[in-house]
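Morning, everyone. I have one structure to walk through today. Let me put it up.

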Amino acid sequence: MLYICPTPIGNLEDITIRVLNVLKKADVIACEDTRHSKRLLSYYEIRKPLISLHEHNEKKRSEEVMSLLRSGKEVAFISDAGMPGIQDPGYFLIQTAVKEGLEYTVLPGASAAITALVASNLASKEFFFEGFLPRKAGEQKQRLKVLKGLQVPFILYEAPGRVSSTLKNALEVLGDRKIAVLRELTKIHEEYLHTTLSEYLILENKVEKGEFVLIIEGATQGEKVYLEEEIVALLKHHIEEGSSRKDAVKKVMELTGLPKNKIYPLSLDL
């Protein structure tokens, strides 16, 4: 059995009993970074053979993990923090297990996105998870234009030192909106900040060290008027993600609330 195991996003005690039991019984533990994972494993006095499996070697190491599974070994996979497979290695590993018909199971546990969303006070039911935006300003703004029409809050991850520049781009593209800036979740210097895009940018003495999750308020009903270029950008995004033309048109209709005769003709040149 392959076990996909979530690990703490900060506080080492935020781990389930089931995950600990799996890590203790596994024959091998695959880790995103063996050096990072040794701290967690040492804290719980778990000593097992470790292999590294990260974004640069995931395809090669996934085949090695499949070989271990075929030989009857129990393998646990952990990323550096939170749930593997979401903005972390693990997706290709699961994809390979499915392709080869090998048994796997995903254990529930810590997630920075959900923890931040609950703390944000901006969503009660629906939301959109984006993760990391492109680093280059032009590409980042293009992606924000795609997100602009969402009428639900969306979740961003951001690295220290880039929070202000990202939120400045967001203000330029989205206009002023409510935001929650959540820093160092579950750690000693955990901080929740509820403000707006414009107010955040003029705050003095703000701390931009550590790990960040940003929650941005969705568009209000009737707020958004879509330009043709924005509709084309939405269509192009969904087609590049693997949707057929028909499905892309349907998704953009649902997202924008626009009728088919406003969207379908724009899809014909893509």
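First, a convention for angles: axes are lines fitted to C-alpha atoms, for helices over the stretch in contact, and angles run from 0 to 180 degrees between N-to-C directions. Helices (H or I, at least four residues) and strands (E, at least two) are DSSP runs, numbered from the N terminus.

Now the ground rules. This is a predicted model, where local features need pLDDT of at least 70, side-chain atom pairs count only at pLDDT 80 or more, and totals for chains, interfaces and linings use all residues. Residues are numbered from 1 along each chain as its sequence is written, and side-chain values use heavy atoms, with hydrogens and water left out.

The overview. The protein chain has eleven helices and ten strands. Its C-alpha atoms fill a box of roughly 55 × 50 × 30 Å, taken along the principal axes. Of the 270 residues, 42% are buried, meaning under 20% relative accessible area with a 1.4 Å probe, protein chains only. Contact means heavy atoms within 4.5 Å. Take the contacts between residues at least 6 apart in sequence: 70% of them join residues at least 24 apart.

Next, the sheet. Two strands pair if DSSP finds at least two bridges between them. Five strands form an open sheet, in the order β3-β2-β4-β1-β5, and the pairing is parallel. At the edges sit β3 (50-52) and β5 (104-106), each pairing on one side only. On average, neighbouring strands here are turned by 20° against each other, direction ignored. Look at β1, residues 2-4: three bridges join this strand to β5. Y3 stands opposite T105 in β5.

Which strands does helix α1 lie across? Helix α1, residues 17-25, lies across β1, β2 (28-31), β4 (75-78) and β5, and runs at about 125° to β4. Helix α2, residues 34-43, lies across β2, β3 and β4, at about 145° to β3.

Last, a helix pair. Helix α6 (residues 137-147) packs with helix α7 (residues 163-174) at about 50°, axes 9 Å apart. Angles under 35 degrees count as roughly parallel, over 145 as roughly antiparallel, 65 to 115 as roughly perpendicular and the rest as oblique. So α6 and α7 are oblique to each other. On α6, the contact uses A137, Q140, K141, L144 and K145. On α7, S165, T166, N169, A170, E172, V173 and L174 take part.

Technical notes
Buried < 20%, exposed > 50% of the residue type's maximum accessible area, 1.4 Å probe, protein only.
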